[in-house]
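Please read the points below with the model open.

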Amino acid sequence: MLHSYLLEALPSVREPGVIIGPVANLMGKVYNMLFELLHSSTSAGSLGLAIIIFTLIVKLILFPLMVKQQKSSFKMQQLQPELQKIRKKYEGKTDQMSQQRMAFEMQELQKNSGVSMMGGCLPMLIQLPILYALFYLFQNAYVYVDVIGANYTDIANAIINIPTTLRMEVFQPFAQEFVDTYKNVAIIKDGFDMSQVGDITMLVNYLKADDWAVILQNLGSAGDALAPLLETKNNIETFLTIPLVSKAGLSFPGIIIPIAAGVTTYLQSKIMMMMNPQQNDPNNPAAAMSKSMLYMMPIMMGFFAISMPAGLGLYWTISNIFGIIQQVVLQKYYKKKFAEEAAQ
C-alpha cells in the first residue's frame, strides 16, 4: 500500500517502465518481506544483510542456468581437438566463402555435440533486467521498503514542524540543488514546495550524511526532533559504515564498493578463463576478445558502481562471490562426471 501511495503521490519517483516495472515491483515485494523479517530481529545492518540473502536467493533461482552454462563450457573443452582440426583445415584461406564454411562446420559440430552457443550468455542476459530493477529499488528504497518509507515520512513531518523562516533558511540551498538536479522531471517543473510532505520526502531521499550534519548544526535546538529520526535512518541504511542507498562515490568508505565490484568481476572472469583453455588458444578468434574483456569488464563495473547506489554494488559483489563458488564446484563436478563416463 505504501509503495502504491508513494508512486502516486510522488510522481517524480523514476518508475522503471512497462518492461522492468513488473520485475522491480516483484523484487521490491520480496525484498521488503525479507528486510522486515531481518529488521524485526536486528535493525543495525539489516538492509545490507537483506541484500546478501536476497542475492543468494537470486543465484539459487538462476542456478539451473549456471549448471547448463558450466556443462556447455566443459563440453566445449572436450571439443577443442575437433575444433582445431576444422581451423587447420581452413588455415591460410581468408576468402569469405572459406571463412563462412569454417564457421558453419564449427557451429554444426557444437550443435551435434549438444553445446549451446548461447549457454554462456544467457545467465548474464537474464541478470540485466534484474540489475536494472535493483537500481530503481535501491535508488528509491523508501518507495519499496515500508520501514524506510515510514521513517522518511516521519523525517518530513518533523521538518514541517520547524518554524517556517528557519526551515527555509536552512533547507533552501539543498532544495535548490535538488531542483536544479531534477529540473527536467515533471513535478519539479511544476514547482517544489517545502511545506508538502511528499516534496520534502523526495528531498530527504536526496540528502547525504554530510548534508544532514550541516543541517543539524544550522538548526540548533530546533533540530532536536530530527536527530533520533536521522539516527534511525542511518542505522537502517548503513552496512559496515557504508550508506547503501546513496551513491558509492570516490570517498572512503563508499569507494570500497566500486573496488570490491571491480576486483570480484576480475576474479570471476579470470577463473572462467582458467577453466576454459579455448579462451587462451591464440588460434581461437574469440580468445583476443576474452582477454580484452578480462580487464575491461572490471574497470567498467567499478566505474558504474561509483555513480550507482552502494547497495547495487554490494549486490554485484556478493553475486560475483557466489558465482565464483558455483563455478569452482560445478567445474569439479563435471570434470569428475565426464571422466567417469569416458572410463566407462
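**Notes on the predicted model**

1. E36 lies in helix α2 (residues 17-39); helices (H or I, at least four residues) and strands (E, at least two) are DSSP runs, numbered from the N terminus. With a relative accessible area of 34%, E36 is partly exposed; buried means under 20% relative accessible area, exposed over 50%, and partly exposed in between (1.4 Å probe, protein chains only). Not counting residues up to four places away in sequence, E36 touches D146 and V147, where contact means heavy atoms within 4.5 Å.

2. This is a predicted model, in which local features need pLDDT of at least 70 and side-chain atom pairs count only at pLDDT 80 or more, while totals for chains, interfaces and linings use all residues. Residues are numbered from 1 along each chain as its sequence is written, and side-chain values use heavy atoms, with hydrogens and water left out.

3. S46 belongs to helix α3 (residues 46-61). Its relative accessibility is 0%, so S46 counts as buried. Apart from neighbours within four places in sequence, the contacts of S46 are F35, L38, H39 and I236. From E36 to S46 the separation is ten residues in sequence and 8.5 Å in space, C-alpha to C-alpha.

4. On confidence, the mean pLDDT of the protein is 82, and 85% of its residues reach 70 or more; pLDDT is the predictor's confidence in each residue, from 0 to 100.

5. Overall, the protein has 16 helices and two strands. Of its 344 residues, 46% are buried. Among contacts with a separation of 6 or more, 75% come from residues 24 or more positions apart.

6. How do helix α12 (residues 209-219) and helix α13 (residues 226-237) pack? Their angle is about 170° and their axes are 11 Å apart; axes are lines fitted to C-alpha atoms, for helices over the stretch in contact, and angles run from 0 to 180 degrees between N-to-C directions. α12 and α13 are therefore roughly antiparallel to each other, as angles over 145 degrees count as roughly antiparallel, under 35 as roughly parallel, 65 to 115 as roughly perpendicular and the rest as oblique. W212, L216 and L219 of α12 meet L226, A227, L230 and K233 of α13. By class, the contact has six nonpolar, no polar and one charged residues (nonpolar: Ala, Val, Leu, Ile, Met, Phe, Trp, Tyr, Cys and Pro; charged: Asp, Glu, Lys and Arg; polar: the others, Gly among them).

7. Some backbone values deserve a check. L240 is not a glycine but has a positive phi of about 55°; L240 sits in the loop between β1 (238-239) and β2 and, at 65% relative accessibility, counts as exposed. T241, in the loop between β1 and β2, has a positive phi near 70°, again in a residue other than glycine. With a relative accessible area of 58%, T241 is exposed.

8. The peptide bond from F252 to P253 is cis, with omega near 5°. P253 is placed in the loop between β2 (242-243) and α14 (256-275).
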